[in-house]
Amino acid sequence: MRAVQLVAPGRLETVEVPVPELGHDEVLVRSHRGSICGSDLHIVFDGFHRGAFPAAPGFPGHEGIGIVEESRSPGFVPGDAVLVAPVPLHARCFAEWQVVPGRSLVPLPDGADLDRLLMAQQLGTTVYAMRRFWPETVAGPAAGLTAAICGAGSAGLFFAQLTRRAGFSTVVIADKAPSRLRIAKEFGADVAVDVTERSFVEAVLEATGGLGADLVIEAVGYDQTRIQCLHAVRMRGRVGYFGFPEKPTGPTTWDYNEAWAKQPSIEHNHSTQIEPGLTAFREAVDLIHTGGIDVGPFLDPVFPLEQAQEAFEAARDQQGGKVAIALGR
């Protein structure tokens, strides 16, 4: 089979390797597509890969979709369409075939649009995060409140839709890409801030009469944007950190004085893949399949497997909505 392989920092190749063999409670999935996550970019380009080179074929892909070919896991039979949501360290979604534990698969509805439901992996991570960023039993109803999102990549744009669905009356979102900001407005954002022209913090304060947002979500992954979120939140508001660390190791800068002064509740979120029952991914599948969340802007570009290097460079350079790799022949 063919697979993408990370052979050196920043360099990917297409290789021929044997089809992996099944173990106990595992499923062999014939891959349809895999999409590139921001964390994949960190691993390939930013020094976050901590293993040897070359890495395992198919790594670091962990956003995948495909068809069950063989199963040793109860609940899955050949022909089932599945969302693949493996623990990232063991992910192999950038390969034509992959072996996946049954606990890392979500069954898809009959007649499902695989291209659209590929986005349920990314959406699921934001669904999972929102439960922690704004637990209504603790934070209260969102009606009349303001949510601000720093970053309008696929995750940030999903947060824009989810905060609106949660009932926030005002949604502010910021990015440096005009194309993303246009989509944000289509998704219901009230204020779309081009950070090349205007400060995110100033825009949030203006939208809230100087008070700050009730919920601020960081979906970029830079030290500076995490600090900006502290300056944009209201007194005793909530801050959700979703973006990856900026550096793979070592201490990072942060404004503890601002956090101490404002006393916000701060949540960090990752590892949706270990949630028992993968309920957030299941909810994401339902939201997309029923039309509750729009994924139209994220369906291209799609690169063939042989152009994985170009696909990763396009994702790094923010070309298109959500870059995917076609894996089926």
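Q: Which residues does Ser104 touch, leaving out residues up to four places away in sequence?
A: Ser104 touches Leu83, Val84, Ala85, Pro86, Val87 and Leu278, where contact means heavy atoms within 4.5 Å. The model is predicted, so local features need pLDDT of at least 70 and side-chain atom pairs count only at pLDDT 80 or more, while totals for chains, interfaces and linings use all residues. Residues are numbered from 1 along each chain as its sequence is written, and side-chain values use heavy atoms, with hydrogens and water left out.

Q: Why does Ser104 count as buried?
A: Buried means under 20% relative accessible area, exposed over 50%, and partly exposed in between (1.4 Å probe, protein chains only). Ser104 has 4% relative accessibility, so it counts as buried. Ser104 lies in the loop between strand 6 (97–101) and strand 7 (105–107); helices (H or I, at least four residues) and strands (E, at least two) are DSSP runs, numbered from the N terminus.

Q: Is Leu278 buried or exposed?
A: Leu278 has a relative accessible area of 1%, and is therefore buried. Leu278 is found in the loop between strand 13 and helix 10. Leu278 has a positive phi of about 50°, although it is not a glycine.

Q: What makes Gln263 partly exposed?
A: The relative accessible area of Gln263 is 42%, so this residue is partly exposed. Gln263 also has a positive phi, about 55°, although it is not a glycine. Its place is the loop between helix 9 (256–262) and strand 13 (265–268).

Q: Why are helix 3 and helix 10 called oblique to each other?
A: Two packed helices are described by the angle between their axes and the distance between the axes. Axes are lines fitted to C-alpha atoms, for helices over the stretch in contact, and angles run from 0 to 180 degrees between N-to-C directions. Angles under 35 degrees count as roughly parallel, over 145 as roughly antiparallel, 65 to 115 as roughly perpendicular and the rest as oblique. The axes of helix 3 (residues 120–133) and helix 10 come within 8 Å and cross at roughly 120°. The two helices are therefore oblique to each other.

Q: Which residues make the contact between helix 3 and helix 10?
A: Among them are Ala120, Leu123 and Tyr128 of helix 3 and Phe281, Ala284 and Ile288 of helix 10. The residues of this contact divide into 10 nonpolar, four polar and two charged. Here Ala, Val, Leu, Ile, Met, Phe, Trp, Tyr, Cys and Pro count as nonpolar, Asp, Glu, Lys and Arg as charged, and the others, Gly among them, as polar.

Q: How do you know that the reach of helix 5 is close to the expected one?
A: The expected span of a helix is 1.5 Å times one less than its number of residues. Helix 5 (residues 154–166) has 13 residues, and 18 Å is expected. From its first C-alpha to its last, helix 5 reaches 18 Å, close to that value.
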